[in-house]
Amino acid sequence: MKIANNIIKEHLKNVYFLCGGAYGGKTTMARLLEEKHGFIRYRQGDHYDEHVSVASEKEQPAISLDRSADWHGYFAQPPRQYADWMQAELREEAEFTIADLLSFPKDQKIIVDGIIPLDILKEISDYEHVFLLFAPDEMKLQHYFDRADKDEVYQFILSFPDGKELLDNVIEALNLDNEQERRNMLESGFKFLERTDHDTVEGTLKIIEKHFGL
């Protein structure tokens, strides 16, 4: 069964999306909107294990990939193959996210902290309900592994005898499509903010609040 996008859009009128890229400030802003305006905060990454448990190899081959069978091979795969897998996983994860959002009460505002492909966002939401936050390549590369969950992956990769080479391979894959992804966000038609060293939390929050009509 397929649910038409216009039906999904109608049922997500109470949902606001903070999307974009890594180290853009999505989680910080979502928490502040939750605290200040009473949003229900949905962080996409918090539901990943649940989604994996439901995924099937036929319907969600990327999410269903058993990386534990060969972690070294997973990290060592060619960067192009690795990057394509990540993109496929994002698209599969978006379906689970939408299904989760449809289960929330319609009389409460929801703020989504996650990464959803832009073409899907255009189909299920309005301009006023989407804000893109992302960081320049050099900033993202410098801080990508700062978060605790990402640091665990970082340390795990380095635990292999050829960990440094594996890490270089992963970083290349993570950054392979940066230029195109940035261009897509700039040309998406959605409101966006590219992070700089001079941004303040308060200033960024005010811009998002104004866009969301808060």
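A residue is called buried when its relative accessible area is under 20%, exposed when over 50%, and partly exposed in between (1.4 Å probe, protein chains only). The model is predicted, so local features need pLDDT of at least 70 and side-chain atom pairs count only at pLDDT 80 or more, while totals for chains, interfaces and linings use all residues. Residues are numbered from 1 along each chain as its sequence is written, and side-chain values use heavy atoms, with hydrogens and water left out.

**View 1. Strand β1 is mostly covered.** The strand spans residues 15-20, and six of its six residues are buried. Strands (E, at least two residues) and helices (H or I, at least four) are DSSP runs, numbered from the N terminus. In a regular strand, side chains alternate between the two faces of the sheet. On one side of β1 lie Val15, Phe17 and Cys19, and on the other Tyr16, Leu18 and Gly20, all buried.

**View 2. Strand β1 pairs with β3 and with β4.** Two strands pair if DSSP finds at least two bridges between them. β1 and β3 (residues 110-113) are parallel, with four bridges; β1 and β4 (residues 130-134) are also parallel, with four bridges. Phenylalanine 17 has valine 112 as its bridge partner in β3 and valine 130 in β4.

**View 3. Glutamate 92 lies in helix α6 (residues 79-101).** Glutamate 92 is buried and has no salt bridge (a side-chain nitrogen of Lys or Arg within 4 Å of a carboxyl oxygen of Asp or Glu). Its side chain reaches the backbone nitrogen of alanine 62 at 3.1 Å. Leaving aside neighbours within four places in sequence, glutamate 92 is in contact (heavy atoms within 4.5 Å) with Glu59, Gln60, Pro61, Ala62 and Ile63.

Key: Lys and Arg count as positive and Asp and Glu as negative; His and the chain ends are not counted. A polar contact is a pair of N or O atoms within 3.5 Å; within protein, one must be able to donate a hydrogen and the other to accept it, and residues adjacent in sequence count only if both atoms are side-chain atoms.
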